[in-house]
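Here is a short tour of one protein model, meant to be read with the structure open beside it. We will go from the overall layout to a few local details.

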Amino acid sequence: MTTKVNQLIAVIPEDFIRQFSSEVSCGQWLIDQIFSEIKTFEMKLGISSLCQQASDLKKGLKEAEKTIKIMKFSKSNAKVKAFKELLAVAELICSENLPEMEAFSHTMLQKIKNYDDKHGSDLLETLYWYVENNGHLYKTAERMHVSLGSVRYRLKRMQEIGGFDLSSSQGFFDVHAAVNIYLFLGLIEVKMK
């Protein structure tokens, strides 16, 4: 364990983390236990991937720092995030290109978000589950507890509103990236049903 200005860096044994349901729940427990009395500053915890040997520690530190930077830009209230949750978005986003990534996502999804806000619909959530299930209509319908026809209608409506084509690999890739950027920026909430 060591400290830097405004940072606390700790190496946590894998055996300790295994006692929890996830790395994030372990991190939340650590914050709750160690810093429960300190309310004077905002605490963010970034968790790197597993470091197998000492030479991995530098990479792990960079991953944790990048996770925290992304969390600072996010509008989400999450205090703990694991680098592995960020997936490819972590590789794409950095503080220097965040405005461009956010603009790209808005270009793809803002009209749909506005539609959802105006009509109380959940098209963005449907889109999330659709890309999360690799474009499988049945799995999307099952996950959302709606009919197949409802998913088809929503996807058709989103493509009309958003002006993209989910049947093309490029369209699917772009939308998938935009949805993930929205998630990590806290601009979309997904209900775990």
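Nine helices and four strands make up the secondary structure of this predicted model.

Now for the chain as a whole. The protein has 193 residues, and 35% of them are buried. If you take the contacts between residues at least 6 apart in sequence, 57% join residues at least 24 apart. The exposed surface comes to about 12,000 Å², with 55% of it supplied by carbon and sulfur atoms.

**Aromatic rings**

How many aromatic pairs does a search of the whole structure find? The search finds five. One of them brings together phenylalanine 16 and tryptophan 29, with ring centres 5.8 Å apart and planes at 55° to each other, a tilted arrangement. The tilted label applies because an angle has to be over 60 degrees to count as edge-to-face and under 30 to count as stacked.

Where do the two partners sit? Phenylalanine 16 belongs to helix H1 (residues 14-17) and tryptophan 29 to helix H2 (residues 23-34), so this pair ties together parts that are 13 residues apart in sequence. Phenylalanine 16 is partly exposed, at a relative accessible area of 23%. Tryptophan 29 is partly exposed as well, with a value of 36%. The picture also takes in another ring: Phe16, Phe20 and Trp29 are linked by ring pairs into a cluster.

**Two loop residues with positive phi**

Further along the chain, the backbone deserves a look. Asparagine 134 is not a glycine, yet its phi is positive, at about 55°. This asparagine is in the loop that runs between helix H6 (123-132) and helix H7 (137-144). Histidine 145, also a residue other than glycine, has a positive phi near 60°. Its place is the loop between H7 and helix H8 (148-162).

Are these two residues buried or exposed? Asparagine 134 counts as exposed, with 59% relative accessibility, and histidine 145 is exposed too, at 60%.

| Residue | Relative accessible area | Class |
|---|---|---|
| Phenylalanine 16 | 23% | partly exposed |
| Tryptophan 29 | 36% | partly exposed |
| Asparagine 134 | 59% | exposed |
| Histidine 145 | 60% | exposed |

Note on methods:
Residues numbered from 1 in each chain as written. Predicted model: local features only at pLDDT ≥ 70, side-chain atom pairs only at ≥ 80, totals over all residues. Heavy atoms only, no water. Buried < 20%, exposed > 50% of the residue type's maximum accessible area, 1.4 Å probe, protein only. Contact = heavy atoms within 4.5 Å. Areas by Shrake-Rupley, 256 points an atom, 1.4 Å probe, with all protein chains shown as cover. Phe/Tyr/Trp six-rings, centres within 6.5 Å; stacked < 30°, edge-to-face > 60°.
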